[in-house]
Amino acid sequence: MGYRRSGSRSLAEALSCLGFRSIHWRADDGRTTDQIIKYNKELHLPLLSGYDEYAAFFDYPIYTEYHELHRHYPEARFICTYRDPVDIAESWQRKCERHQWETGIWVDGIYRPTTTECKDIAEAHYTAMELIARNNDNFLTMDVRVGWKPLCDFLGLRVPLQMFPWVKH
């Protein structure tokens, strides 16, 4: 449920180390999380139908679909990766520059957003997630820089001996 550029790749890798199979953007069959959700919505199926072998899902539009996901999967646990919104915005801008994305980029309804717009979008996302997290034992907000402990405590697992897998892209 974390916003883009907030550590979801690191969390996906950490969950894999803990034995959970996950989709970070693209499943083994090549479909993206966006394609999976759009397809299932068109057929009026639960959003993640057909992907029962996976335990965790990341990336857009997963973090925009909390209420629908919770309705279909009421016992599911949700993790919101947190990163300072200014850092998110700067990281997004660097990614756009690195890939030379000058046209055709939409981020949550805004065409090629500025750093300020990215920061504002991330702040609004985290405000919405804070409201969901209140009084919700199945929701964790975590900064992946903290490492294993909050994640393992949330999942009821022992902290592994290996280092937390910070993935930088």
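This report walks through some features of the structure above, from its strands and helices to its surface.

## About the model

The structure is a predicted model, in which local features need pLDDT of at least 70 and side-chain atom pairs count only at pLDDT 80 or more, while totals for chains, interfaces and linings use all residues. Residues are numbered from 1 along each chain as its sequence is written, and side-chain values use heavy atoms, with hydrogens and water left out.

Helices (H or I, at least four residues) and strands (E, at least two) are DSSP runs, numbered from the N terminus. A residue is called buried under 20% relative accessible area, exposed over 50%, and partly exposed in between (1.4 Å probe, protein chains only).

Let's begin with helix α1, which spans residues 8-17. Which of its residues are buried? They are S8, S10, L11, A12, A14 and L15. The cover over these buried residues includes β1 (22-24), β2, β3 (78-81), β6 (139-142) and α6; contact here means heavy atoms within 4.5 Å. After α1 comes G19, which has a positive phi near 100°.

Now look at β3. In a regular strand the side chains alternate between the two faces of the sheet. Both faces of β3 are covered, with F78 and C80 buried on one side and I79 and T81 buried on the other. β3 also pairs with β6 in the parallel sense, over four bridges; strands pair if DSSP finds at least two bridges between them. Within this arrangement, C80 stands opposite T141 of β6.

## Aromatic pairs

Rings of Phe, Tyr and Trp (its six-membered ring) pair if their centres lie within 6.5 Å; planes under 30 degrees apart count as stacked, over 60 as edge-to-face and the rest as tilted. By this rule there are nine aromatic pairs. One of them joins Y66 and F139: the ring centres are 6.0 Å apart and the planes stand at 80°, so this pair is edge-to-face. Y66 belongs to helix α3 (residues 66-72) and F139 to strand β6, so the pair links distant parts of the chain, 73 residues apart. Both Y66 and F139 are buried.

Y82 and Y126 make a tilted pair, with 4.6 Å from centre to centre and 50° between the planes. Y82 sits in the loop between β3 and α4 (85-98), and Y126 in helix α5 (residues 115-133), so this pair ties together parts that are 44 residues apart in sequence. Elsewhere, Y3, Y60 and Y63 form one aromatic cluster.

## Salt bridges

Side chains of opposite charge can pair when their charged atoms come close. A salt bridge is a side-chain nitrogen of Lys or Arg within 4 Å of a carboxyl oxygen of Asp or Glu. How many salt bridges does a search of the whole structure find? The search finds eight.

Two examples lie within helices. An α-helix has 3.6 residues a turn, so residues three or four places apart point the same way. In helix α2, K38 and D34 are four residues apart, which means about one helical turn separates them, and their side chains meet in a salt bridge of 3.4 Å, N to O. K38 is partly exposed at 48% relative accessibility, and D34 is partly exposed at 21%. In helix α6 (residues 148-155), D153 and K149 are likewise four residues apart, or about one helical turn, and their salt bridge is 2.8 Å, N to O. D153 is partly exposed at 49%, whereas K149 is exposed at 53%.

R145 and D143 form another salt bridge, with their closest N and O atoms 2.5 Å apart. R145 is exposed, at 58%, but D143 is buried, at 18%. K119, D120 and E123 are linked in a network of salt bridges.

## A patch on the surface

Y39, L43 and L45 make a nonpolar surface patch of about 270 Å². Patches are made of residues with over 30% relative accessible area and no salt bridge: like charges are joined within 9 Å, nonpolar side chains (Val, Leu, Ile, Met, Phe, Trp, Tyr) within 5 Å. The areas come from the Shrake-Rupley method with a 1.4 Å probe, and for residues only the protein chains shown count as cover. L45 is found in the loop between α2 (33-42) and β2 (56-58), and its 35% relative accessibility makes L45 partly exposed.
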